[in-house]
Amino acid sequence: MRICVLGGDGYLGWPTAMYFSARGHSVLAVDNCMKRRLEAELDVIPLEDVPDFKQRAERWNVLTGWEIEVVRGDITQADLMNQICVNFHPEVIVHFAEQPSAPYSMIGRDAAVLTQQNNIVGTLNVMFAMREHCPDAELVKLGTMGEYGTPNIDIEEGWIEITHKGRSDRLPYPKRPSSLYHCSKVHDSVNLEFACRSWGLRVTDLNQGVVYGIETDEMSLDRKALRTSFHYDDVFGTVLNRFVVQAAIGMPLTVYGKGGQTRSFLNIKDTLQCVELASVNPASRGEFRVFNQFTELFSILELAERVKRVAQARGLCVEIQGVANPRVESELHYYNAANTSLLALGLKPHLLSDELLDGMLERALEARNQIRERLIPPRVDWKRGMAAVTSAAAGFEAAPEPEREPAAATA
Ligand code: NAD
Ligand code: USQ
């Protein structure tokens with residue numbers, strides 16, 4: 001198939017581009033490298049250097065004989081999406097190209113506007129370009145489980161049968177998003193459902209849980225040149241990746257609040273499988289299909305305990321530290337979400353194992369001299385934005401970065 005991967009330079013987009021290319025699909029990867037710009041603005045860096053977008057695609061092409069075609073451009077520019085649809089004729093558009101961080105969106109007004117403009121306008125441009133130039137293609141759009149929030153009823157896959165005052169209907173499942181980033185995903189979902197209903201587009205909205213892991217099979221061809229990004233900072237790092245890095249340098253694991261927050265999770269390898277399943281089994285014309293894309297549920301405290309146990313087995317000393325929760329979220333709640341659609345299509349989950357955690361820990365230990373402790377404490381407060389918590393984080397930052405022994409000495 002001809003598959004366009006929007007956000008092809010990102011944590012998930014780059015492995016997806018390689019995954020499809022390795023299976024003989026024609027892949028066009030598009031990215032404006034906005035994420036790298038935001039990292040520089042916030043002075044955060046991933047755990048390991050991430051090779052340049054074009055260079056790693058060239059390396060892939062040389063190593064495999066396949067071709068990932070690369071376009072550097074911004075999908076909030078309508079012309080770009082139109083040109084892609086006219087010139088590349090995608091059969092599938094996989095859309096990762098959004099600002100993905102909840103804390104980033106809560107820094108303040110400008111970051112919230114950037115997030116919502118970038119995400120919502122980009123998706124609108126995709127919708128209109130598809131309507132005009134490739135109405136039969138499928139859009140596989142990355143949404144998020146956090147669109148639903150944590151309701152006190154079971155979470156269905158995008159739709160719910162409701163009986164109200166004696167009448168029944170099948171309606172979009174109610175949403176209560178947990179940040180202004182998550183709100184942008186809800187707005188996208190509303191726009192896309194409308195486009196399917198009105199214009200007959202075919203869309204699969206993948207409400208994905210928190211992704212962990214840094215290894216996919218394709219990377220083994222050249223681990224350095226083909227690797228993906230691994231963030232551990234408070235803005236772009238997700239919880240499990242952060243805990244692993246904290247364990248590697250002996251920092252207490254930062255569980256926010258009581259730690260009873262339950263979230264859905266999946267291995268990055270399963271993201272690739274799910275996107276493939278949604279692509280090769282497309283939605284029908286006019287169908288807005290929603291899949292909840294996760295394989296397991298964990299509370300944050302459970303995850304911290306898992307990381308602690310695996311790190312201790314390596315002789316590392318790890319503590320769990322309750323941190324005042326910078327977010328507004330329930331810390332103890334009911335959570336039961338359906339995820340049967342992707343399993344029914346053939347998803348074979350890679351569940352969270354001690355071996356996988358140990359492998360991530362190994363990578364963090366190898367790179368421990370690059371880890372900047374000052375990037376770990378949370379700086380973005382949901383009620384007051386970033387500036388307000390700088391002083392609260394100062395206690396963490398006061399200590400100078402310690403000199404560390406090479407990894408092998410402590411592992
Ligand atoms: P990422 O930031 O690493 O990747 C997104 C990429 O899109 C970046 O390379 C960025 O430069 C690019 N991009 C952003 N706006 C763009 C624009 N206007 N034009 C062109 N390129 C643009 O994020 P990720 O973690 O790989 O997430 C990918 C998608 O999956 C996002 O939509 C995110 O919301 C969603 N998601 C991620 C997770 C997760 O745990 N990582 C979980 C659920 C959903
Ligand atoms: N958390 C901690 N300690 C930390 C970091 C996070 O306790 O050091 C807690 C948070 O309070 C939250 C949970 O862990 O309850 C998850 O936080 P996260 O930063 O790992 O993930 P989140 O902000 O929800 O966002 C991530 C991705 C986003 C994606 C989302 C999927 O960045 O792109 O949409 O996961 S979901 O959470 O299902 O909506």
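Let's start at Gly10. One of its backbone N or O atoms sits 3.4 Å from an oxygen atom of ligand 1. I call that a polar contact: a pair of N or O atoms within 3.5 Å; within protein, one must be able to donate a hydrogen and the other to accept it, and residues adjacent in sequence count only if both atoms are side-chain atoms. Phe96 has a polar backbone atom 3.2 Å from an oxygen atom of ligand 1. For Val211, a backbone N or O atom is 2.9 Å from an oxygen atom of this ligand. On its own, ligand 1 exposes 820 Å², and the protein buries 96% of that. Those areas are Shrake-Rupley values with a 1.4 Å probe; for residues, only the protein chains shown count as cover.

Some ground rules. This is a predicted model, where local features need pLDDT of at least 70 and side-chain atom pairs count only at pLDDT 80 or more, while totals for chains, interfaces and linings use all residues. Residues are numbered from 1 along each chain as its sequence is written, chains are lettered from A and ligands numbered from 1 in the order written, and side-chain values use heavy atoms, leaving out hydrogens and water.

Back to ligand 1. Its shell has 27 residues, and Asp31, Lys35, Asn118, Tyr181 and Lys185 come nearest. Near means a heavy atom within 4 Å. By class, the shell has twelve nonpolar, nine polar and six charged residues. Here Ala, Val, Leu, Ile, Met, Phe, Trp, Tyr, Cys and Pro are nonpolar, Asp, Glu, Lys and Arg are charged, and the others, Gly among them, are polar.

Next, ligand 2. It is surrounded by 21 residues, with Pro100, Thr144, Tyr181, Thr254 and Glu329 closest. Val239 places a backbone N or O atom 2.7 Å from an oxygen atom of ligand 2. A polar backbone atom of Thr254 is 2.6 Å from a nitrogen atom of the ligand. Arg263 uses its side chain: an N or O atom there is 3.4 Å from an oxygen atom of ligand 2. The protein covers 93% of the 730 Å² that ligand 2 has on its own. Elements giving two or more residues to this shell are H7, H9 and S10. The largest share, three residues, is from S10. Helices (H or I, at least four residues) and strands (E, at least two) are DSSP runs, numbered from the N terminus.

Now the packing. Which residues of the largest nonpolar core touch the most other members? They are Leu47, Phe243, Val245, Val307 and Leu361, out of 49 residues. Such a core is a set of buried Ala, Val, Leu, Ile, Met, Phe, Trp, Tyr and Cys residues joined through side-chain atoms within 4.5 Å. Buried is under 20% relative accessible area, exposed is over 50%, and partly exposed is in between, with a 1.4 Å probe and protein chains only.

Take Val307. Beyond four places in sequence, it contacts Leu240, Phe243, Val244, Ala247, Leu253 and Leu357. Contact means heavy atoms within 4.5 Å. A second, separate core of 35 residues includes Cys4, Ile75, Met81 and Ala195.

Then Ser264, in strand S11, residues 262-267. Is Ser264 buried or exposed? Buried, because its relative accessible area is 3%. Outside four places in sequence, Ser264 touches Met145, Gly209, Val210, Phe294, Glu296, Leu297 and Tyr335.

Last, helix H1, residues 13-22. Nine of its ten residues are buried, including Trp14, Met18 and Phe20. Gly24 follows H1, with a positive phi near 85°.
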